[in-house]
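Please keep the sequence and the structure open while reading.

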Amino acid sequence: MRYTLRTNCIVPLNDVKRVLDIGCSEGTWMLEMANDHPHTRFSGLDIVEQMKDRVLPKNCDFYCADILQGLPFSDATFDFVHQRFMYSFVPNDSWQGLVAEMARVLKPDGRIHLVERHFELGRYQTDVVSLLGAFNRAIHENQVSMAICDRLDELLDEAGFVDIDRKCINIPVGDWGGIPGRLMGEAVVSWVQDSREIIVQRSGLTHQEFDAQMERAYDGLSEARAYYSVFLYTARKPVNKKSKRRKSMPLMGSC
Ligand SMILES: C[S@@+](CC[C@H](N)C(=O)[O-])C[C@H]1O[C@@H](n2cnc3c(N)ncnc32)[C@H](O)[C@@H]1O
């Protein structure tokens with residue numbers, strides 16, 4: 001994403017003291033941002049403990065928690081909350097509660113930045129795309145929205161955010177998109193390859209059919225000029241308004 005956008009964050013972090021990165025994974029975004037903003041404190045949160053034993057820069061810390069149980073922070077802790085690519089981990093009916101939690105832990109006038117992509121690759125005729133589509137549907141049907149990225153502005157509005165801005169960019173997948181396209185294409189092909197057993201079990205394909213489709217997969221992305229649609233949202237918590245908190249959100253918890 002940084003390569004494509006030429007920045008890690010489309011919002012300038014001027015005078016920002018505390019930042020939360022939700023679903024930080026191995027901390028790539030947090031560590032790069034912390035390097036660029038040495039006077040800002042960055043907190044990464046993930047359900048997997050992979051960052052726990054890492055030596056972090058002085059301005060970073062890590063929390064292990066399940067965001068579906070609430071965010072383990074006091075009200076008005078952060079100036080900025082960032083979350084990227086969590087669409088396949090947050091069930092449909094948990095999004096509103098999660099966005100309300102983000103509003104709660106933000107300080108008044110704090111900013112939020114959400115980055116999500118459309119579940120499906122644009123242009124469907126390639127083998128890898130049909131395999132990935134079969135995988136997505138098999139794993140996620142009825143639990144996660146196939147296109148939550150389209151409705152985040154509604155959820156932000158419902159949670160009381162203002163100055164909601166939405167941008168959509170199409171990111172090429174495959175060699176037709178230069179270096180970013182190649183990186184994204186290789187990532188997509190390896191996600192599908194890693195999921196071989198699940199796809200075979202759930203799609204009705206044989207292993208041989210799967211392997212034959214995978215052989216053509218990478219080149220097919222470029223031939224079809226496949227792309228992902230990525231949505232970038234920014235919004236602000238108003239100064240004089242309490243955040244709405246939905247009753248359905250479970251109380252805070254951590255692992
Ligand atoms: C696709 S990765 C996002 C990576 C990172 N945000 C980025 O943009 O590079 C999703 C991350 O969310 C974490 N995750 C999934 N479910 C979670 C949950 N319920 N609570 C906290 N973290 C969760 C996963 O462990 C994984 O590291």
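## Overall make-up

The model is predicted. Its chain has 255 residues, of which 38% count as buried. The secondary structure consists of 8 helices and 7 strands.

## Helix α2

Helix α2 spans residues 28-36, and its buried residues are W29, M30, M33 and A34. Viewed down the axis of α2, these buried residues fall within an arc of 125°, so they line one face of the helix.

## Ligand shell

There are 15 residues around the ligand, and those that come nearest are G23, S25, I47, R84 and F89. Sorted by class, the shell holds 9 nonpolar residues, 3 polar ones and 3 charged ones.

## Pairing of strand β7

Strand β7 (residues 227-236) pairs with strand β5 (residues 106-117) in the antiparallel sense, over 7 bridges. Within this region, I112 has A235 in β7 as its bridge partner.

Strand β6 (residues 162-172) also pairs with β7 in the antiparallel sense, here over 9 bridges. On the β7 side, Y233 stands opposite R166. In a regular strand, side chains alternate between the two faces of the sheet.

Note on methods
Residues numbered from 1 in each chain as written. Predicted model: local features only at pLDDT ≥ 70, side-chain atom pairs only at ≥ 80, totals over all residues. Buried ≥ 20, exposed ≤ 12 C-beta atoms within 10 Å, placed from the backbone. Helix = DSSP H or I, 4+ residues; strand = E, 2+ residues; numbered from the N terminus. Arc of directions from axis to C-beta. Near = placed C-beta within 6 Å. Nonpolar A, V, L, I, M, F, W, Y, C, P; charged D, E, K, R; others polar. Pairing = 2+ DSSP bridges.
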